[in-house]
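Hi,

Here is the structure I said I would pass on.

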Amino acid sequence: MSLSVDQQSAGNVAQAEEAFLFADDLPTALSAGNERALRPWRVLITDDDEEVHRATTYALRGVEVDGRPLELLHASSASEAVALLQVEKDIAVGMLDVVMETPDAGLRLVETIRNELGLRSMRIVLRTGQPGYAPELDVIRRYDINDYRTKSELTQTRLITTLTAGLRAYEQLELVRAANRGMETVARASNEIFRLRSTQEFSRVLLQCLAELLGRDMDAVVCLEKSSAEAQRDHGLYIESAAGRYVAMQGCAAEKALDVEMLRAIRRCTAARSCVFEPGRFAMWLGCGSRDAVVVVDLEQPLHEIEHRLVEMFASSLAVGFENVDLIERLDFFAFFDPLTHLPNRTRFIADVDQDLFSRQGGTRCLAIADIVRFSEVNDALGHRCGDSLLVAVSKRLRVALGTGVTLSRIAADSFGIYGPENAVDPESVRKAFELPFFVHGHALAIQMRMGLVQVSQCKGNAVELLRNANLALTQARRADGGSFCEFSVMMSEDVQTRVSMLHNLRAAIDFKRGLSVHYQPLVNAASGEVLGVEALLRWRNDFGEMVPPLRFIPLAERTGMINELGLWVLEQALDRLAAWHRQGHRQLGIAINISPVQLRSEDFVPKVRRIIEYCDVPPAQICFEFTEAVGLEDPVLLAARLGALRELGIRLGIDDFGTGHSSLRQLIGLATDVVKIDPTYIEQIAHSAEERALAASVVELARSRCPRVVAEGVETAEQAQALLAMGCELMQGFHFGRPMAADQFDAWLRGNRQG
Ligand code: C2E
Ligand code: CA
Ligand code: CA
């Protein structure tokens with residue numbers, strides 16, 4: 001049974017005074033009051049002598065340690081103390097009598113406290129009435145006992161000093177424990193956060209981790225600037241994520257939703273570009289090059305110094321995480337949106353249409369392509385700026401004419417993809433919407449639109465096929481004079497014919513190895529000039545003597561499964577050649593082979609690859625299989641198994657065309673790859689605006705942070721090569737160094753290159 005402080009009666013004061021000598025030299029720091037009402041220290045008094053309880057209570061009345069009052073808990077036996085310790089938390093110091101139920105009840109209690117209850121931080125002061133009962137020194141060490149006193153030794157001053165020492169030691173131990181826990185949380189949270197893909201997820205998880213780190217529920221907000229890609233009109237911070245009393249403000253502009261104090265903290269934080277701690281709150285700065293991000297947390301109590309440091313540590317790893325997420329979002333934006341009109345681009349359009357086709361049962365839907373009649377004339381006559389403004393204005397007018405139920409996208413320079421319910425995709429309302437001229441840069445431009453249209457019910461295919469058919473219809477419309485529209489009919493699909501004949505032709509080419517060859521394009525280290533290897537690229541000259549580009553016949557070969565044979569044939573040719581180059585002494589040369597995802601599906605692909613490698617006798621580590629992002633669409637279990645099997649053979653794996661789509665990024669992050677090839681579109685951008693150059697640089701940087709070998713593809717000029725070197729990318733491929741060449745030509749090129 002425990003007695004509370006208030007239950008102590010004043011009647012016992014006289015006795016208490018006898019038990020403790022009064023001293024008037026109380027350390028002032030200890031008794032100095034503190035304005036803030038702080039958590040009391042909890043102290044457990046265990047003694048079978050009522051008097052000791054009273055006297056202790058009296059001696060400690062009104063005492064504060066480091067500004068915190070005391071809360072005394074009382075137990076009159078060891079067993080009572082154990083029962084109490086099982087339910088009461090945060091007891092900092094226990095003052096225990098040694099002799100209670102048994103002569104060593106106090107010592108046993110200490111053992112229970114340390115070993116059974118696992119209370120390692122709690123400080124223990126043993127008190128005994130009988131001086132002869134001093135425990136052995138090793139007992140004091142073993143049980144981590146802080147102090148041992150006979151009751152008569154404990155004057156009031158001594159009692160308070162002993163208690164103070166114990167309380168401070170307890171606080172230190174708790175802090176160390178908190179720091180350790182905190183570091184673990186920071187490490188784990190940073191890891192978790194690094195895997196996130198969107199700023200939204202990022203901010204949500206960030207708040208969870210922060211609450212965990214500080215061990216309390218919080219009122220907090222994460223404020224972000226709109227990403228550079230989306231922010232055109234809307235400057236300033238908005239609340240991306242919130243906790244506690246701010247939850248309802250999610251999505252609002254910070255300027256409008258938050259109070260003056262919060263806003264001031266944010267301003268100080270962004271100005272200082274670092275964490276700011278002030279009474280009542282702290283703010284963490286996570287900004288990256290392209291936008292600001294600030295987390296503001298309300299504080300009821302000031303942070304402890306250790307928490308302070310943990311917050312700073314967490315903030316710096318969050319900043320790295322945020323930069324990563326921001327980059328991914330920007331890449332996504334560039335991969336899926338047209339930066340000029342902010343409409344979805346072709347890739348996104350196709351994905352959206354496919355998604356709708358897939359989820360919809362039957363449908364009266366319709367897809368159209370609209371383009372601007374003689375747009376190039378406007379561009380040429382009035383300049384690109386004017387052309388750009390016109391495109392933006394046209395996109396807005398289309399949006400209004402078609403209504404919100406229709407998907408609108410910019411699929412090429414001056415053409416727009418339109419998809420929606422049959423009655424909404426209406427050429428007549430589009431025509432009407434364009435009756436009035438556009439006013440652009442002081443010019444009044446009369447514009448007409450042309451449309452090619454296809455009913456979804458008219459053809460069975462996916463979005464790409466619908467687009468192709470709409471395009472056929474558009475071509476028809478172009479033939480008619482001026483602005484017009486034309487609807488697709490099956491008659492238009494003459495290209496089905498072309499495809500069938502190409503298929504026959506390709507089949508024959510494969511069967512008789514007629515017109516097929518492999519060309520080799522050098523891969524160089526532009527810093528040292530060393531030729532590191534080649535990429536094998538398939539070439540086909542058809543029966544009519546025309547070169548058919550791989551991008552035309554490879555998709556066909558994929559759809560018909562012919563790619564399996566074709567791909568293995570390329571591998572055989574290429575490894576045979578490589579072996580010959582190795583024999584000639586060019587042992588450093590490696591080879592990159594393009595592998596279609598279709599090939600991975602084939603069960604005997606890996607065994608066949610192994611046989612070819614063994615037969616040609618080439619070190620597998622010098623072979624790299626390149627996959628494009630399309631590999632991400634494969635069944636993940638099968639994919640992992642096949643890639644794992646290839647890796648076991650010792651073959652390197654590479655990601656091709658990196659940066660062209662979302663999946664490549666996911667793929668790269670998810671899979672261990674040996675090589676990343678940055679898509680030529682980024683290299684091309686190097687010569688453009690500073691912003692595009694910066695984007696190229698961030699793609700290089702992202703690739704480099706995840707993969708040891710990064711190759712820039714499609715390098716056509718010395719200027720591009722220089723810029724890439726400056727970005728830290730040394731491995732390059734492109735016309736600037738060498739075009740794809742027939743094997744013999746490559747031999748000659750190698751000789752020339754060596755001399756040069
Ligand atoms: P890829 O794997 O990205 O190959 C690089 C393409 O860029 C090649 O086009 C190459 O000729 C071209 N190229 C290289 N340097 C430059 C440059 O500086 N400027 C420009 N503008 N282009 C450059 P190619 O040979 O037409 O091949 C196109 C695609 O066809 C390849 O893209 C690859 O995806 C596929 N492909 C080619 N051969 C094979 C093959 O044997 N199997 C499979 N599955 N796909 C293949
Ligand atoms: Ca490639
Ligand atoms: Ca490529």
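Predicted model: local features only at pLDDT ≥ 70, side-chain atom pairs only at ≥ 80, totals over all residues.

**The chain as a whole**

The chain has 756 residues, and 49% of them are buried. Its secondary structure comes to 27 helices and 27 strands. If you take the contacts between residues at least 6 apart in sequence, 67% of them join residues at least 24 apart.

Which residues coordinate the calcium ion that is ligand 2? They are Glu 535 (OE), Asn 594 (OD1), Glu 626 (OE) and Asp 656 (OD), at 2.1 to 2.3 Å. Along the chain, those donors follow the spacing E-x58-N-x31-E-x29-D. Glu 535 sits in strand β20 and Asn 594 in strand β22 (residues 590-594), so this pair ties together parts that are 59 residues apart in sequence. As for cover, Glu 535 is buried, with a relative accessible area of 3%, whereas Asn 594 is partly exposed at 31%.

The other calcium ion, ligand 3, has Asp 656 (OD), Asp 657 (OD) and Glu 713 (OE) as its protein donors, lying 2.1 to 2.4 Å from the ion. Here the sequence spacing is D-D-x55-E. Asp 656 belongs to strand β24 while Glu 713 is in the loop between β26 (709-712) and α26 (718-726), so these two tie together parts that are 57 residues apart in sequence. Both Asp 656 and Glu 713 are buried.

Asp 656 bridges the two calcium ions, ligand 2 and ligand 3, which lie 4.3 Å apart.

**Ligand 1**

The side chain of Asp 656 has an N or O atom 2.9 Å from an oxygen atom of ligand 1, and the side chain of Glu 535 has one 3.1 Å from an oxygen atom of the ligand. There is a backbone contact too: an N or O atom of the Leu 538 backbone lies 3.1 Å from a nitrogen atom of ligand 1. On its own, ligand 1 has 790 Å² of accessible area, and the protein covers 80% of that.

Where does the shell come from? The elements that give two or more residues to the shell around ligand 1 are β20 (531-541), α18 (550-560) and β24 (652-658). The largest share, 4 residues, comes from β20. In total 20 residues surround the ligand, and the closest are Gln 521, Arg 539, Asp 656, Glu 716 and Phe 735. By type, the shell divides into 9 nonpolar, 5 polar and 6 charged residues.

**Gln 599**

Gln 599 has its place in helix α20 (residues 597-601). Is Gln 599 buried or exposed? Gln 599 is buried, because its relative accessible area is 2% and the cut-off is under 20%. Leaving out residues up to four places away in sequence, Gln 599 touches Ile 563, Asn 564, Gly 567, Leu 568, Asn 594 and Phe 605. One of these contacts, Asn 594, is also a donor to the calcium ion that is ligand 2.

Helix α3 (residues 50-59) is mostly covered, with 7 of its 10 residues buried. Among them are Val 52, His 53 and Tyr 58. Asp 49 caps the N-terminal end of α3, with a side-chain oxygen 2.9 Å from the backbone nitrogen of Glu 51.

Ser 190 lies in helix α7 (residues 156-194) and counts as buried at 16% relative accessibility. A polar atom of the Ser 190 side chain is 2.6 Å from the backbone oxygen of Val 186. Not counting residues up to four places away in sequence, Ser 190 touches Phe 314 and Ser 317.

That is the lot from me. Over to you!

Conventions: Residues numbered from 1 in each chain as written. Chains lettered and ligands numbered in written order. Heavy atoms only, no water. Near = heavy atom within 4 Å. Polar contact = N/O pair within 3.5 Å; in protein donor to acceptor, adjacent residues only side chain to side chain. Areas by Shrake-Rupley, 256 points an atom, 1.4 Å probe, with all protein chains shown as cover. Nonpolar A, V, L, I, M, F, W, Y, C, P; charged D, E, K, R; others polar. Donors = N, O, S within 2.8 Å, 3.2 Å for Na, K, Ca; no water. Buried < 20%, exposed > 50% of the residue type's maximum accessible area, 1.4 Å probe, protein only. Contact = heavy atoms within 4.5 Å.
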